[in-house]
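Morning, everyone. I'd like to walk you through one model today. Please have a look at the sequence and structure first.

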Amino acid sequence: MSKEKAKDDSIGHSVVIDQDRLDEEWLAQPNLMRRASRRLAELKKEVAHAKVNLGVVEADMSLRIRQRPVMYGLEPDKKPTVDQIAATVTTQREVIKAHEELIEATYLYDLAKADVDAIVHKKSALEDLVLLWTRDYFSSPVNKDPRTREKFEEQQGDKGRWKGRAQLRREDQE
């Protein structure tokens, strides 16, 4: 999977919470988590395949070096040591390419893990926002006692902004 594909699969826009649509956010949360978890599992599988591939490439290269040490710059008259073989293996193009593939797969896995973590944080934030909503944190102040409201309106007179809102509320009730 390429970096461009990883950016396309990113769920960054999906972790933004619309406070006015908490019900819709909660309904979307399980599907979002399922998608991100599946993507994480797929990338974990790719990391495992990349590790196996690296091992196979290193073993194959080690065998080739043992069979023909001269082709890899080792002394023709001496049997190569384990350290010489290991050093020669790590410098071969195929091995370097396999290492790069493992690094890339691990990077994409880490990005997907960050997405899952962000979704878990979104869940916590949704829980907190719902709790605040049930406690009327987002509500606007309303004085339900008409006598107090009228007295407040008299005190404010024409200069207060609350007078306009109080009149609007009275008109809505009528």
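Which residues of helix α3 are buried? Keep in mind that this is a predicted model. Helix α3 covers residues 82–90, and its buried residues are I85, T88 and V89. Look down the axis of α3. The buried residues fall within an arc of 105 degrees, so they line one face of the helix.

What does that face pack against? The buried residues of α3 pack against α2, residues 22–67, and α4, residues 93–134.

Take α2 first. The axes of α2 and α3 come within 9 Å and cross at roughly 125 degrees. That angle makes α2 oblique to α3. The crossing is right-handed. On the α2 side, the contact is made by E58, M61, S62, I65 and R66. On the α3 side, I85, T88 and V89 make the contact.

Now the cores. The largest nonpolar core has 13 residues. Which of them touch the most other members? Those are L54, M61, I65, V89, V95 and L102. Each of α2, α3 and α4 supplies at least two residues of this core. Helix α2 gives the most, with six residues.

Pick out L54. Leave aside its neighbours within four places in sequence, and L54 is in contact with V95, A98, H99 and L102.

There is also a second, separate core, of nine residues. Among its members are L32, A36, A112 and I119.

To recap, the buried residues of α3 line one face, and they pack against α2 and α4. Thanks, that's my part.

Terms used: Residues are numbered from 1 along each chain as its sequence is written. This is a predicted model: local features need pLDDT of at least 70, side-chain atom pairs count only at pLDDT 80 or more; totals for chains, interfaces and linings use all residues. Side-chain values use heavy atoms; hydrogens and water are left out. Buried means under 20% relative accessible area, exposed over 50%, partly exposed in between (1.4 Å probe, protein chains only). Helices (H or I, at least four residues) and strands (E, at least two) are DSSP runs, numbered from the N terminus. The arc is that of the directions from the helix axis to the C-beta atoms. Contact means heavy atoms within 4.5 Å. A nonpolar core is a set of buried Ala, Val, Leu, Ile, Met, Phe, Trp, Tyr and Cys residues joined through side-chain atoms within 4.5 Å. Axes are lines fitted to C-alpha atoms, for helices over the stretch in contact, and angles run from 0 to 180 degrees between N-to-C directions. Angles under 35 degrees count as roughly parallel, over 145 as roughly antiparallel, 65 to 115 as roughly perpendicular and the rest as oblique. A crossing is left-handed if the near helix is turned anticlockwise from the far one by less than a right angle, and right-handed if clockwise.
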